[in-house]
Amino acid sequence: MSELLQHPGESSNDSLTPAGKAAAHTRRTFLFKLALGLNAAVGAVLAVPLIGYLLGPAMRKDSATGAWIALGPLSDFPVGETRLVDFLSPVRSLGDGQTAKVACWVRRISDQQFQVFAVNCAHLGCPVRWFAQSKLFLCPCHGGAYYEDGSKASGPPERGLFEYRYKLAGNALVIHAGDMPTLATQANCAEKPLVQIQETTPWQV
Amino acid sequence: MAGLNGLKERCTSLLKGGYGWLESRLGLIEPLTKAAEHPTPSNSASWWYVFGSAATVLLIMQVMTGILLALVYSPSANEAWGSLQVLNHNIPLGWYLRALHGWGSDFMIAIVLIHMAQVFTFGAYKFPRELTWMVGVLLLLLTLGMAFTGQVMRFDQDAYWGLGIGASIASRVPFLGAPLVHLILGGPILGAPTLSRFFTLHVFVIPGLLLAGVGVHVWMVLFHGVSDWPMPGRIVRKSTYVREYEELNAKTGLPFVPDAAWKDAVFAAAILFSLMACAFFFGPFGPNGPPDPTIIQTAPKPDFAFLWIYAVLAFLPPSIETPVILVVPVLAIAGMLLLPVFASQGERHWSRRPVAVLMLAVIAVTLGIFTRLGTYTPWSPIMQAWTADPIPPRYLHNRTPLERQGALVLEDKQCRNCHSLAGEGGLRGPALDSIATGMTEDQMIRQVLQGGGNMPAYGNALNPSETKALVSFLGTLRGNDNLAPATDPSRGLIHTSELKTLPIQPAVKPR
């Protein structure tokens, strides 16, 4: 074995195995453990904003979503009919394209009384279609069926259709839209829980 | 001649020198060659052992075609659908690349499932290969994850509403429902952030995990050796298995390359060729309609691999649906993961494991039945039946005007969305061709007006004259042989009692 030149900083206990050296060098072992701790601390500080960024959409306050949006003049909705109406989601974002469009079913019960249903089936969100002759909303996915007032008629849904809150502003029908309606994020956001139409609807002035 | 030999020698020495230079610096070729030539029991050099390598080959194929598609695909909600049209129609061979990638996905799921069934049937998950199986289960889940996120990449109507179904399932989680939905969608609605995050999953996250998992999986196959062919009575015991395997390998071992690997190679080529043929002859999947949620004239359906889930979701009663959706998958995955922990020793041969074979058969048949049901969705109303199919004329012959009016009511009220007549119409409710042989007029009136048994009530949609006409038409439907109409025995009793006894007493005495 050739003689190696001694580096000034190299240890002199060459007779020990690497493991033995490590055991002997309690200072370096300590510094390594310290460095591990340091990295854990830096990692934790780094992780907080990263996780915050990742969970951002889930952390959002429900009340922050949604806005009132006009569906058109009252004359568009003849009394006794249920019509499909499209609007642009007030909570769309950059690059949504066609997915920013939303459809809803507007039922005009009387001059001042409306019901505005989400197209999303209360079972798993497929688009329900209105069949005027049989007075049913039918879902193409798993066969959910609803009566004209949105209440559950048959099939797998556990409740009636989701309803948007509405008000009449002058000559226009205005609804409150935001979250995509699901069982947890119902059509009209946090302020009012969605109610079945059989109950009274006090906000419908 | 001497000159030619000299040239040959020089070339050989140059190649050797080049190899020596490379390997002395890289240090990988020799260990990899050794790994490839590792001995494997001669009885495992079988055609039954080719599926794992075929799945790996398909994965590489998917990565390659995926990278090529990413050259053109635009992962943006307002451009994705259009960029697929460009791929299909404007880019030379774009359609073929899409077809290879789409069919490759189906092939990969099929091969991974066959591989899993083979390993299960052969008891190859037992000691010492438990962790290999567990990693394999995760690889199956990742493969299915690739299939689902890949379906989202197609960003058509099915992708849009499929995501909606996913979000609706997540919304059923207690307490965390709303945050989960927003996490999946990336915002309040299904849009640009949704596609971006599924693109990230499909292209970065899951493939990374998948490749790393395959690396670990293959490493463990090398580490433990390819499992020997199971023999009835050859019991796996933790205390003896490794020694027995080594003895078997010492006695009968063959180098994996080439003695066993030639079969893998032939099968891989056959699979790739079938994949190319499917892609060439059947073409790419979709995209179908654009992801416009206001186009509601659609019947969304998932890709083949998920049809069985789609079918199961139609059959779950509402009262237990949420618990079943949330709990059963967790139990099923935990069961698959923990299988080798509970059955790590004992018999491996299928003839000594009847419960295992039965379980596999039941699962396979169940998945097959639900998938088949998912292809024609008998639970769904046929949404356009009433416009397309008039009542067949033979059901109108020799009918009274009232009965014919009833036939019109049946057509007009869209009864055939759910009920078939002469083979045309929905399968959700019973066929009506011989309805009058099973139900009396009273029963039909009650059923039509009040509904029940998964039929909506039509009391609000039919006026009394329509109901009368409809039921009198239904009363004429007694099958092709004009079977006897249903009768109500209690009616008969009333009539006889009227004949024999005194006038019926009023139930409540007048005051």
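**Note on the predicted model**

1. The secondary structure of chain A amounts to two helices and ten strands, where helices (H or I, at least four residues) and strands (E, at least two) are DSSP runs, numbered from the N terminus. Along the sequence the pattern reads α-α-β-β-β-β-β-β-β-β-β-β. The model is predicted: local features need pLDDT of at least 70 and side-chain atom pairs count only at pLDDT 80 or more, whereas totals for chains, interfaces and linings use all residues. Residues are numbered from 1 along each chain as its sequence is written, and chains are lettered from A and ligands numbered from 1 in the order in which they are written.

2. Of the 205 residues of chain A, 39% count as buried; a residue is buried if 20 or more other C-beta atoms, placed from the backbone, lie within 10 Å of its own, exposed if 12 or fewer, and partly exposed in between. Among the contacts in chain A with a separation of 6 or more, 48% come from residues 24 or more positions apart. Two residues are in contact if their C-beta atoms, placed from the backbone, lie within 7 Å.

3. Both chains carry a domain division, with bounds from an automatic or database domain assignment. Chain A is divided into domain 1 (18-59) and domain 2 (63-177), and the C-alpha centres of these two domains lie 53 Å apart. In chain B, domain 1 covers 39-376 and domain 2 covers 385-500, with 48 Å between their C-alpha centres.

4. Chain A contains an open sheet of four strands in the order β5-β6-β7-β8, with antiparallel pairing; two strands pair if DSSP finds at least two bridges between them. Its edge strands, β5 (129-131) and β8 (152-154), each pair on one side only. The twist from one strand to the next averages 35 degrees, taken between axes that are lines fitted to C-alpha atoms, with angles running from 0 to 180 degrees between N-to-C directions. Within the sheet, β6 (residues 136-138) and β7 (residues 145-147) of chain A are joined by three bridges, and L136(A) stands opposite Y147(A).

5. Strand β9 (residues 163-169) of chain A pairs with β4 (residues 114-118) in the antiparallel sense over two bridges, F117(A) having E163(A) as its bridge partner. Five bridges join β9(A) to β10 (residues 172-177) of chain A, also antiparallel, and here R165(A) is partnered by H176(A). The hairpin of β9(A) and β10(A) has two residues between the strands, and G170(A) takes a positive phi near 65 degrees.

6. Beyond its neighbours within four places in sequence, its contacts are V85(A), V116(A), F117(A), A118(A), V119(A) and Y164(A). Y164(A) is 60 residues from C104(A) along the chain, yet their C-alpha atoms are separated by 8.8 Å.

7. Between the chains, 53 residues of chain A are in contact with 58 residues of chain B. On the side of chain A, the elements giving two or more residues are α2 (26-59), β3 (101-108), β5, β6, β7 and β8. The residues of that side divide into 25 nonpolar, 18 polar and ten charged: Ala, Val, Leu, Ile, Met, Phe, Trp, Tyr, Cys and Pro count as nonpolar, Asp, Glu, Lys and Arg as charged, and the others, Gly among them, as polar.
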